Each structure stands twice: as C-alpha cells, then as structure tokens.
Amino acid sequence: MEFDLKKPHCYYFNEICKIPHGSGNEKALSDWIVAFAKERGLSFLQDEMWNVVIYKQATPGYETHPGVIIQAHMDMVCEKTPESGHHFETDPLDLYVDGTHLRARGTTLGGDDCMGVAYMLDILSDETLEHPYLECCFTVQEETGLFGARALKPAYFKARRLINLDGAGEYRTYTTLAGSRNLTIEKKITRSSAPGAAWRLRVEGLLGGRTGDDISKERANAGKLLARALYAFHVDGIAFRLVSLTSSNKKSGIPPEGEAVFVTEETAERLKEALDAVRAAVADEYEFSDAGIRFELEPYGVPTERQAVYAASAEESLELTELLYLLPYGVFGRFLQLEGLPYASANLGRIETTDDAVVIRYAARSPFESCMKEAEQTAGLLCERLNAEIVGKDDYYGYRYRADSPLRDTMERVFLEQYGRPLAHVAAHGGNECGAFAHMFPDMDIVTSGAIYAKHHTPEEYLDLESFDRSIRFLKTFLAAL
Amino acid sequence: MEFDLTKPYCHYFNEICKIPHGSGNEKALSDRLVAFAKECGLDYMQDELWNVVIYKPASAGYEDHPGVVIQAHMDMVCEKVPESDHDFEKDPLALYTEGDHLRAQGTTLGADDGMGCAYMLAILADDTLAHPYLECCFTTQEETGLVGAQALKPEYFKARRLINLDGAGEYKTYMGMGGGEQVTLTKPVTWEDNDKPAYRLRVSGLLGGHSGGMIDKERANAGKLAARVLCALKREGICFYLTGLNGGTKHNVIMPEAEAVFVTDADPDRIRRIVESCGSEITAEYEQSDPDIRITVEPAEPVRRRLTERDSADLMHLLYLLPCGLVARNPAVEGEPPVTSVNVGVISLDGTQAKIGVSARSGLECAVEELKHRVALLGELYGAAATYSGYYPGWKYEAESELRETMKQVFESLYQRPLACLIGHGGNECGVFKKMFPEMEIVTSGAIYGKIHTTEEFLDLASFDRSWVLLTRFLEAL
C-alpha cells in the first residue's frame with residue numbers, strides 16, 4: 001500500500017515526522033503548529049509548556065451546536081535499534097511502507113500519537129467539513145507523565161465534549177480510565193556499626209507487570225515479599241538491622257525482584273528455617289498466578305573490626321519492615337459491571353536505599369479521586385505511626401464510566417452506520433490524558449477514537465495505513481453528526 | 001411427588017426424622033446408627049463426641065480397589081415458626097410433601113444433612129451395590145462449628161479418597177473450600193468527663209451478607225465506612241472525642257450498619273457538610289454494588305463521659321487501617337473465585353474496652369496466618385491486643401484430582417452435560433479431612449435441598465432420586 005501524500009492526513013503525518021518531537025523536545029513542532037494556525041487565520045493558544053490549542057469556528061448550520069474538544073499529544077517515545085545512527089534531537093524520521101504498515105527505519109514511528117495530531121491538522125485545514133465549534137488541543141510530554149495535559153488550564157476551553165485521539169484503535173472507545181496518586185515515602189535511617197554477620201536476601205522470578213493492566217492478575221510484589229520475609233524473621237524472634245532494601249530498577253510497575261541486605265547475630269540455621277516457611281507459604285499462595293518466585297539467602301560478608309558494616313538501628317529496621325508489610329497492595333475494589341474492572345488499587349513500586357533514608361514509591365490508582373485520597377490517608381497514617389514521611393505527591397486523574405453519555409451514543413450510531421457492527425467499549429485501569437479534562441470539568445463527556453497503530457514505544461512501531469484512511473473518514477462523519 | 005418409603009434412602013431419611021438430632025443432641029441418633037451397624041454385621045466406631053464411622057468391605061471384584069470415605073453430618077439446625085410448639089429435644093419431625101419438595105411442618109427439615117446420612121445408610125444396607133471398601137463417617141455438631149469433624153482421629157480411616165455429601169447439590173462439586181479463624185482485637189480505653197455536645201453518625205442501608213458467600217460482591221462494610229467518615233472529619237480539622245462505636249453482631253457477616261457517637265465543639269453545619277461530602281464520594285464508589293448506603297449525622301442526647309483524644313484517634317485509625325474485603329482470587333479457575341478474604345464483623349465499645357472482631361478466611365492456611373499477623377500488628381501499633389478463636393481448616397484447591405475426573409465422567413455419561421466444578425469460600429468438613437490427610441482426594445456431591453437453616457427448608461425429591469443413581473454409579477466406577 002502507498003503512503004499517499006495527496007491525502008491530507010498522510011501529508012500532515014509526513015510533515016510532522018520531519019520535525020524531531022521526542023518528549024520534552026516539542027518546541028519546534030509546537031511552533032510549527034502555531035505557524036499552521038496563523039497561516040489559516042485560526043485563533044490559537046500556546047502555553048509555556050508548548051501545549052497548543054487551535055480554535056475553529058462552527059461551520060454553517062452548526063453555530064448552535066455545543067463545541068467539541070479534539071485532543072492528541074505531539075510528543076513521541078524515542079527508541080532506536082542498536083545499529084541505528086539516528087539522532088532524535090536533529091534528524092527527521094526515515095519513513096517507509098511495509099505492506100500496509102507505515103514504519104520508520106530503525107526507530108519508533110511516533111504513530112503514538114502523531115496519528116491524532118495529523119488528523120487534527122487535516123480537520124483544521126479542511127474547509128469542506130461540517131462540524132460544531134472545535135478546540136483542537138495538542139499536548140506535550142504525555143509519554144513522560146502526562147505533564148502537558150496536567151498543565152492545561154480550564155480557561156483554554158469552552159467545550160464540554162472531548163474526543164481523545166490517543167490509542168483507542170478504530171473499533172473501540174475507552175469508557176473509563178484510572179488516575180494515579182504517586183507518593184514518595186521516605187523513612188530516615190541513622191547508620192551505625194552493626195555486630196554480626198551480613199546476609200543478602202534476594203527475591204526474584206516474579207512476573208511483575210504494569211500497575212494499570214496487571215494489578216488485577218494476583219501477581220506478587222517483590223517489595224511486599226521482602227517485607228513479608230523480614231517480618232517473619234521478626235515474628236520468629238530474629239533481630240536484624242537493615243543495610244539496604246531495594247526493589248526493581250524501574251520507577252513504576254510491579255517490582256519483579258528485589259533484595260534486602262541486613263546484619264544479624266542469629267545463626268544461619270534459624271534464618272533458613274524462618275525463610276523456608278515463608279518460601280512454602282508464598283509458593284502456595286502464588287501457585288496459580290506467579291509460580292516462578294525464588295528466595296535466595298546468602299552470606300554478604302562478615303564484618304571485621306577494620307571493615308564494619310553500617311546499618312540502620314534495629315528499631316528503624318523493624319519500623320521500615322512493618323511499614324512495607326502493612327502498605328496495602330493489589331486490588332481493593334472492582335466494578336460489578338464492566339467485567340469486574342478494578343476501580344481501586346495500589347502498588348508498592350520502586351524502593352531505594354541511600355546513606356540516610358529508604359525511599360519508597362507508592363501509587364494508588366482509581367477513576368475516583370476519592371479513592372486516591374483514601375489510599376494516601378492510609379499511607380499517611382502508617383507513616384505517622386512508623387516514623388516515615390510522605391515527601392512527594394504527584395497526581396494524574398482518571399475518568400468515571402458514565403452510563404449516560406450522549407457523545408458516546410452518537411459515536412456508536414455513526415460507527416454502526418459506517419462499519420455495520422457495534423463499537424466496542426473498553427473500560428480500563430490504565431491512564432491517559434482524558435482524566436486531566438475530567439478533573440478540570442467533571443461534566444465533560446469523553447470518548448476516545450483513532451487509527452490502529454501497534455508495537456509503539458519500540459523500533460517496530462507501525463501505523464496501519466488502511467485503518468488510518470478509514471478512521472479519518474469515520475472521525476469526519478462523527479464530527480458532522482455532533 | 002410421593003415420598004416413597006419403599007425407596008431405601010427415603011426410608012432411612014424418614015427413620016432419621018423420627019429421632020431428634022439438633023446439634024449437640026446427637027446421642028440418640030448416633031446410638032441408632034451403631035445399632036444399625038450391629039444389625040447389618042458391620043464394623044463400626046463411635047467416639048466420645050458421638051461421631052460414628054461404619055466400615056463396609058469391598059463388594060466382589062473391588063477387593064483391590066482403594067477405599068473411599070463417604071461423609072455427612074448427622075446434626076441439624078433447629079428452627080421453628082413462632083406458632084409451632086415443636087420440641088426439638090423429643091418430638092419427631094412432621095414430614096409432608098409439597099409438589100416435588102419434602103418439608104417438615106413448622107420446622108427445619110434437617111435435609112442438611114440428613115440427606116447425606118440417609119444415602120450412607122442405604123448404601124451400607126444394600127448388598128447388591130458394587131463399590132470399593134467403604135468408610136461411612138457420620139459427624140456431629142457441624143452446624144455449631146465443625147466440632148465433631150475436628151475431633152476425628154486419623155486412625156479412624158484407612159481410605160484416602162473422600163466423598164462429602166454436604167450440600168454440593170447434584171449438578172456441581174467443590175474443588176476447594178475456605179478455612180478460617182477469628183481475630184479479636186481488644187483495646188483498653190480511658191474515659192474522661194465531657195461537657196461538649198454529642199453527635200450520632202449512622203451508616204446504614206448496606207447489603208451486608210455472609211462473608212463466606214458475599215465477600216466478592218464488592219459490598220461496603222459499615223464499620224469501615226464509619227471510620228472513613230470519622231477520619232474525614234479529623235482530616236478537615238474537626239477535633240472530636242468518641243463516646244460510642246458499635247456495629248455488627250457476627251465476625252463472619254459483612255457489617256450492615258454501624259454507629260459512632262462523638263462529642264465536639266465544632267460548628268454543626270460544618271460537620272454536616274463534611275459528612276455529606278464524604279457520603280457522596282462513598283455513594284459514587286458503591287453505586288453498582290451497594291446502592292442504598294445512608295450516612296447521616298445528627299445531634300445526640302448529651303453524654304457525661306468521653307474517650308480521651310488519644311484513644312479516640314487510635315481506635316478510629318485502627319478501624320480505618322484494618323484490611324477488609326477480598327484479598328486474593330484464584331485466576332486459574334473459571335470466574336476467578338475468592339481464595340482469601342478478611343471481614344471486620346463486629347465493633348463495640350464499653351466502659352473499659354473497645355473490641356473489634358475480624359474474620360480471616362482462606363483455602364490456604366498460610367494466607368490465614370498472614371492475615372492474622374497483619375491484623376495483630378495493626379492492633380499492636382494502636383494499643384490493642386489480639387486473641388484468636390474459631391479456627392477451622394481450609395481445603396486447598398488442587399488442579400489435578402483423579403477422583404474428580406472419575407466423577408466428571410460418571411456425571412457426564414448420566415446427565416449429558418458437564419459437571420460444574422466450583423471453589424467455595426465458606427467452610428465445611430472437607431478441610432478437616434484435608435488437614436488430617438494432606439494427600440486425600442476430595443469431591444462433594446448430594447441431592448438438592450434449599451432454604452436450609454430456615455423453617456422453609458426443603459429437600460427436592462426428584463433430585464433425591466437422581467442423585468442416588470449418580471452416587472451409586474460413581475461408587476461403582478471407583
């Protein structure tokens with residue numbers, strides 16, 4: 001299939017790919033979009049994050065119809081193959097067609113989400129369309145934490161209907177997505193020379209996964225398992241002093257591995273006996289959901305007088321263990337409808353140890369801000385009791401399923417007419433930029449749409465060109481029906 | 001449909017109903033079972049709890065097949081309608097049929113589990129049946145906490161295959177059940193004089209339900225909601241002192257309502273606004289699963305004493321932090337049934353102490369232990385001591401079971417459809433056998449009965465006939 005630059009959506013996609021636009025490096029593309037608006041005499045707004053909103057008046061006959069926001073993010077994930085010499089700061093992407101797929105040579109394509117950006121530019125430049133008043137919103141830094149969307153201000157928008165063009169994929173629409181409250185918890189430690197032998201307890205072989213998609217799969221969490229083993233030591237009367245406790249190397253996600261280094265005067269036999277009981281219990285509990293978990297305990301060197309091990313106090317070590325042991329992890333509530341989709345969950349994320357503190361990431365997900373607030377309170381109360389502190393808080397928001405959504409009803413009707421089959425509803429526990437709009441405007445009616453792309457965030461990313469053609473036709477028909 | 005006493009299992013059911021056998025009152029029936037064994041010339045065992053095991057040799061050709069334990073409990077729940085003058089200590093049940101249902105006039109019927117006992121007696125009495133060596137176990141005091149079963153001793157049994165006849169219901173079999181234990185947190189409290197106005201916070205209208213059957217229905221827990229609202233007041237800077245905190249009556253029931261009384265000098269309108277705002281958040285979250293939750297706050301009668309600020313905060317925070325609800329599911333089984341859960345069932349506050357009753361439940365004993373540790377640790381952090389009671393062992397799901405495969409085949413050939421294989425979250429006597437003999441393979445079977453533990457209890461007579469055929473064919477295939 002040809003990548004036909006005579007088609008406006010293809011033309012604009014191609015233009016975008018000439019301008020580097022990795023996350024945090026959007027200024028050039030943002031300025032180019034502003035120039036586009038100026039050329040066409042459209043009013044626009046560009047903010048200090050380089051978010052852009054372009055406003056287009058309703059076409060004749062649509063003046064009294066309520067307005068619509070269309071939204072996509074202009075940044076892309078920059079990944080390349082090891083052998084690629086591509087320079088994401090300066091080089092245009094090298095597009096090519098592979099069957100019906102558009103790809104970029106050796107790099108990510110940025111179909112996520114220039115598909116949506118190209119669609120908006122097509123719609124804004126097409127004078128033959130019928131549509132209500134439009135507010136086309138191009139956000140930045142989506143891939144690194146929805147930062148652009150989170151900086152949007154209510155004053156930018158008049159419309160209360162949103163079509164998000166990020167990754168729904170032609171045949172479906174997202175009906176609800178979760179927000180997340182990401183907490184950073186710090187437990188200060190004071191190190192001193194610790195007598196006894198040092199041990200390293202490793203847990204590994206967990207499946208891990210993403211906090212949005214995988215939290216409901218009953219998987220184990222490396223940080224929780226370490227805390228469980230250490231607490232079992234305590235229950236068995238084994239005193240220990242922690243040197244370090246770490247889990248995962250990634251900032252988010254369910255940690256698939258971790259380790260604790262500690263000093264104790266107990267014998268190896270007692271440690272192994274206590275650990276064996278934990279190992280057996282964990283094997284039983286995760287037999288059907290996370291069957292490859294391994295615990296390994298090995299000597300980490302015996303301190304000598306010249307080479308002392310500096311560890312947290314026994315009290316601090318126990319407090320930290322209890323904090324990690326008690327922080328709730330997993331799914332706390334599910335919708336009875338929506339196929340049992342989780343509506344409240346929390347994940348104990350990366351744990352790091354510095355010289356004077358252990359730093360814990362804890363994230364609570366929910367489409368309800370109230371659930372995020374309660375999870376924070378839970379963490380806060382535990383911190384208060386166990387001498388730790390919430391030192392950082394970072395939110396993005398979700399949006400709730402609405403049984404009554406006139407925008408979705410119209411989308412379904414138009415979809416059925418064009419495709420002859422029903423639009424699929426997807427309710428998910430992941431997040432996207434829609435929640436930023438729901439947070440600003442609780443009455444916002446939201447759908448998601450867009451062409452199919454896949455393998456995004458990898459150098460194999462592609463855009464399905466047939467879907468790219470069909471989906472713009474659908475989007476334009478949908479707008480005409482609004 | 002006729003209750004035809006020429007059918008042996010109907011005959012024995014009828015005989016059982018002549019002898020009173022409420023829980024704890026099983027001696028007469030137990031002795032009758034012993035007399036039956038003697039009449040039939042069968043070996044038997046009767047223990048001090050009046051449990052009975054009757055042993056029957058394999059029929060011809062089955063001598064080298066491994067043996068089977070069949071098991072049912074002989075005790076029944078005794079309930080009667082208010083106008084009934086039935087005396088459960090001495091009167092026989094007055095049976096009658098109503099359509100396809102066998103019922104007892106004005107009382108529970110005790111089909112739970114007279115059904116299973118009647119089947120075992122019919123099997124033991126019938127010398128035409130084909131079956132391996134059988135150990136028919138009649139337990140006591142099941143309804144009051146699996147008491148008889150938990151007193152069984154390993155030496156009573158040689159067989160390592162078990163058919164439990166308690167309440168599976170013809171078309172299904174269980175592959176696992178919950179075990180559990182109760183944790184009671186007790187916190188001593190200190191009172192001081194009070195001159196501040198009092199308010200009553202009420203949480204009501206919740207669906208509640210048994211924590212074994214309903215814990216995966218996403219229902220709210222009134223005690224947890226009360227703690228949440230109290231914490232919201234505190235978060236908003238309202239300084240208050242508790243004078244009352246009560247809710248629930250049983251550890252294993254999802255708390256359907258709760259009430260907290262507190263005193264404060266804060267502005268009543270502000271209190272009402274915070275409670276309303278918190279209430280509307282709760283209503284939104286439980287819109288689908290518990291739609292009639294009511295949360296109200298109103299002035300209460302003056303109180304002379306209140307808890308100290310410290311005790312008030314500790315108690316509220318402890319209740320707030322206690323885990324409650326579903327903890328783990330089994331993703332390998334259709335429907336992802338619950339495996340582990342915890343329920344805050346009872347809260348109370350009296351002159352000297354506050355008590356919180358928590359029920360931990362799991363098919364995995366280690367998961368129950370883990371929950372006990374978590375609850376006890378939270379108690380410790382807030383000055384409450386944990387005590388444990390009411391332990392009963394769970395029956396862990398195993399992916400492979402030869403006994404279950406055989407039952408599935410026999411069922412399918414008889415019914416031309418698949419047997420439903422379920423995991424239960426409530427407890428039953430199977431867990432006790434699994435604890436005694438970890439290698440034991442277990443299935444459950446039996447006729448359909450309904451409305452058990454109520455005076456509307458019935459036994460489905462058509463199912464009683466069909467399930468007899470299923471059971472005897474199953475034994476033949478073992």
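Okay, let's start at one residue: His21(B) touches Ile16(B), Glu26(B), Leu29(B), Met74(B), Asp75(B), Met76(B) and Gly110(B), leaving aside anything up to four places away in sequence. Before I go on, remember that this is a predicted model. So where does that histidine sit? His21(B) is in the loop between helix 1 and helix 2, the latter being 27–40, of chain B. Buried or exposed, then, for His21(B)? Buried: there are 26 other C-beta atoms within 10 Å of His21(B), and 20 or more is what counts as buried. For a sense of scale, take Val375(B): it is 354 residues from His21(B) in sequence, and the C-alpha atoms of the two are 38 Å apart in space.

Let me zoom out to the whole of chain B. We've got twelve helices and 23 strands in the secondary structure of chain B. The C-alpha trace of chain B spans about 85 × 50 × 40 Å along its principal axes. Chain B has 478 residues, and 51% of them are buried. Now look at contacts in chain B with a separation of 6 or more: 78% of those come from residues 24 or more positions apart.

Helix 1 of chain B covers residues 8–18, and its axis comes within 8 Å of the axis of helix 3 of chain B, residues 111–125, with a crossing at roughly 125°. That angle makes helix 1 of chain B oblique to helix 3 of chain B. As for handedness, the crossing of these two helices of chain B is right-handed. Who makes the contact? From helix 1 of chain B we have Pro8(B), Tyr9(B), Tyr12(B), Phe13(B), Ile16(B) and Cys17(B), and helix 3 of chain B answers with Gly114(B), Cys117(B), Ala118(B), Tyr119(B), Leu121(B), Ala122(B) and Ala125(B). By class, the residues of that contact between helix 1 and helix 3 of chain B come to twelve nonpolar, one polar and no charged.

The peptide bond from Asp112(B) to Asp113(B) is cis, with omega near 10°, and Asp113(B) has its place in helix 3 of chain B. Chain A has its own entry here: the bond from Asp112(A) to Asp113(A) is cis, omega near 10°, and Asp113(A) is found in helix 3 of chain A, residues 111–125.

Trp50(A) has phi near 85°, which is positive in a residue other than glycine. Trp50(A) lies in the loop between strand 1 (43–46) and strand 2 (52–56) of chain A, and it is buried, with 24 other C-beta atoms within 10 Å. Then there's Glu218(A), not a glycine either, with a positive phi of about 60°. Glu218(A) is in the loop between strand 11 (197–204) and helix 5 (222–235) of chain A. How many other C-beta atoms lie within 10 Å of Glu218(A)? The count is 23, and Glu218(A) is buried.

Next, domains. Chain A is divided into domain 1, 8–177 + 399–480, and domain 2, 181–396. The C-alpha centres of those two domains of chain A lie 39 Å apart. Their contact takes 14 residues from domain 1 of chain A and twelve from domain 2 of chain A. On the domain 1 side in chain A, that's seven nonpolar, five polar and two charged residues.

For chain B, the assignment gives domain 1 as 8–177 + 395–477 and domain 2 as 180–392. The C-alpha centres of the two domains of chain B lie 39 Å apart. Here the contact takes 13 residues from domain 1 of chain B and 15 from domain 2 of chain B. The domain 1 side in chain B has six nonpolar, six polar and one charged.

Last stop, the two chains together. In all, 28 residues of chain B are in contact with 28 residues of chain A. On the chain B side, helix 6 (222–235), helix 7 (268–285), helix 8 (309–321), strand 16 (325–329) and helix 9 (365–381) each supply at least two residues. Which of them gives the most to that side of chain B? Helix 9 of chain B, with eight residues. By class, the side of chain B that touches chain A divides into 14 nonpolar, six polar and eight charged. That's my tour, thanks.

Terms used: Residues are numbered from 1 along each chain as its sequence is written. Chains are lettered from A and ligands numbered from 1 in the order in which they are written. This is a predicted model: local features need pLDDT of at least 70, side-chain atom pairs count only at pLDDT 80 or more; totals for chains, interfaces and linings use all residues. Two residues are in contact if their C-beta atoms, placed from the backbone, lie within 7 Å. Helices (H or I, at least four residues) and strands (E, at least two) are DSSP runs, numbered from the N terminus. Ala, Val, Leu, Ile, Met, Phe, Trp, Tyr, Cys and Pro count as nonpolar, Asp, Glu, Lys and Arg as charged, and the others, Gly among them, as polar. Axes are lines fitted to C-alpha atoms, for helices over the stretch in contact, and angles run from 0 to 180 degrees between N-to-C directions. Angles under 35 degrees count as roughly parallel, over 145 as roughly antiparallel, 65 to 115 as roughly perpendicular and the rest as oblique. A crossing is left-handed if the near helix is turned anticlockwise from the far one by less than a right angle, and right-handed if clockwise. Domain bounds come from an automatic or database domain assignment. A residue is buried if 20 or more other C-beta atoms lie within 10 Å of its own, exposed if 12 or fewer, and partly exposed in between; C-beta atoms are placed from the backbone.
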